[in-house]
Amino acid sequence: MSDEDITLTAGDAEVTVQPGNGGRVGGLRIGGVEVLRQGERFGCFPMVPWCGRTRDGRFLDGATVRQLPLNAPPHAIHGTARDGAWRTARTSTAEAVLTHELTDPWPHPGRVTQAVALTGEALTLTMSVETYESSFPAQIGWHPWFNRNLGGEDVTLDFAPAWQEERGDDHLPTGNRIDPKPGPWDDCFGMPGGVDVTLTWPGQLELKVTSREEWVVVYDEQEAAVCVEPQTGPPNGLNTLPRLVTPLEPLEATTTWSWRRL
């Protein structure tokens with residue numbers, strides 16, 4: 001099937017999925033109001049096969065040191081799939097399933113599958129990574145850009161992390177866990193019971209970002225948008241907390257955005 005944009009609808013919600021633009025969710029409109037920041041690099045893109053920054057673009061793959069392109073010098077950031085083409089495997093009124101083949105510069109052949117499922121009250125994103133040959137470390141995450149303002153008051157964030165990853169001058173976790181600090185943030189937090197972050201646009205909309213994963217990066221240093229990014233490990237996780245994709249066991253993760261009108 002083609003890589004043209006796909007529109008999903010359920011109730012008064014409408015989602016645009018963009019296989020040809022990195023498999024991202026390009027828009028989420030609730031009652032006609034666009035929730036995601038618009039633009040080619042925004043919306044909500046999948047982070048795979050790693051999330052956030054990988055230090056110096058290097059990671060240990062078994063006994064081999066691999067070098068990735070430095071797309072955020074001096075680091076490699078947010079994986080390769082957001083820059084690649086995805087294919088549409090199937091669609092219906094309220095669901096789309098996309099696939100992406102892992103190729104150079106990622107050193108292992110594999111396949112990423114992402115399912116986008118919409119109801120009138122929620123959007124669920126599910127992603128899996130499979131290997132065709134050898135096992136390899138990987139991460140899965142999502143990077144949504146939520147509009148800071150929907151025409152009323154600015155959004156507020158509410159969440160209760162167990163810890164914050166101390167961030168070094170290089171923007172990577174130092175390995176120390178500290179008590180959560182007030183924002184603004186470009187930081188990773190631990191939520192062992194699962195990611196649970198509530199965004200509230202007062203008088204308009206409440207949206208909860210949840211996931212069974214226990215890591216979330218919150219980025220709210222930009223004026224136009226705030227990002228709440230559930231992921232399977234912290235930044236630089238290919239080195240510090242790798243999750244292994246094996247021929248018998250793919251890596252899978254899910255996040256759900258549920259909302260109610262205020």
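A pocket, as the word is used in these legends, is an open set of grid points with protein on both sides within 12 Å along at least five of seven lines, and its lining residues have an atom within 4 Å of a point. With that in hand, let us look around this predicted model.

**Figure 1. The second largest pocket and the residues that line it.** Here you can find Glu 165, Pro 173, Thr 174, Gly 175, Arg 177, Trp 215, Pro 234, Pro 235, Asn 236, Thr 240 and Leu 241 around the second largest pocket. The volume of this pocket is about 150 Å³. Which strand gives the most to its lining? That is β18, residues 173-178, with four residues. Sorted by class, the lining has five nonpolar, four polar and two charged residues.

**Figure 2. The largest pocket, with about 320 Å³ of space.** A total of 24 residues line the largest pocket, and the closest to its centre are Arg 53, Ile 77, His 78, His 143 and Asp 186. Several strands take part: β15 (141-147), β17 (163-167), β19 (186-190) and β22 (215-219) each bring at least two residues to the lining. How many of the lining residues are charged? There are 10 charged residues, along with 10 nonpolar and four polar ones.

**Figure 3. The largest nonpolar core, built from 58 residues.** Look for Phe 146, Leu 207 and Trp 257, the residues with the most contacts inside this core. Setting aside neighbours within four places in sequence, Phe 146 touches a whole list of residues, including Val 35, Leu 36, Leu 199, Trp 201, Leu 207, Val 209 and Trp 257. Apart from this core lies another one, of seven residues, with Phe 45, Met 47, Trp 145 and Cys 227 among them. Here is a handy general idea to keep in mind: in soluble globular proteins, nonpolar side chains tend to be buried together.

**Figure 4. Phe 146 and Trp 257, an aromatic pair.** The model has 10 aromatic pairs in its count. Why is this one called edge-to-face? The ring centres of Phe 146 and Trp 257 are 5.0 Å apart and their planes meet at 65°, and planes over 60 degrees apart count as edge-to-face. The pair links distant parts of the chain, since Phe 146 sits in strand β15 and Trp 257 in strand β25 (residues 251-261), 111 residues apart. Buried or exposed, where does Phe 146 fall? Phe 146 is buried, with a relative accessible area of 0%, and Trp 257 counts as buried too, at 1%.

**Figure 5. Trp 163 and Trp 215, another edge-to-face pair.** The centres of these two rings lie 5.7 Å apart, with the planes at 80°. Trp 163 belongs to strand β17 and Trp 215 to strand β22, so the pair ties together parts that are 52 residues apart in sequence. Trp 163 has 10% relative accessibility and counts as buried; Trp 215, at 6%, is buried as well.

**Figure 6. An aromatic cluster.** Four residues come together in this view: Trp 50, Phe 59, Trp 106 and Phe 136 form one aromatic cluster.

**Figure 7. Leu 248, an exposed residue in a loop.** Leu 248 is found in the loop between β24 (243-245) and β25. Its relative accessible area is 84%, and because anything over 50% is called exposed, Leu 248 gets that label. The C-alpha atoms of Leu 248 and Lys 208 are separated by 33 Å, and the two residues are 40 apart along the chain.

How values were computed. Residues numbered from 1 in each chain as written. Predicted model: local features only at pLDDT ≥ 70, side-chain atom pairs only at ≥ 80, totals over all residues. Heavy atoms only, no water. Core = buried A, V, L, I, M, F, W, Y, C linked by side-chain atoms within 4.5 Å. Buried < 20%, exposed > 50% of the residue type's maximum accessible area, 1.4 Å probe, protein only. Contact = heavy atoms within 4.5 Å. 1 Å grid on protein atoms, 1.4 Å probe; cavity = no way out; pocket = protein on both sides within 12 Å on 5 of 7 lines; lining within 4 Å. Points joined across faces, edges and corners; volume = space filled by probe spheres on them. Nonpolar A, V, L, I, M, F, W, Y, C, P; charged D, E, K, R; others polar. Phe/Tyr/Trp six-rings, centres within 6.5 Å; stacked < 30°, edge-to-face > 60°.
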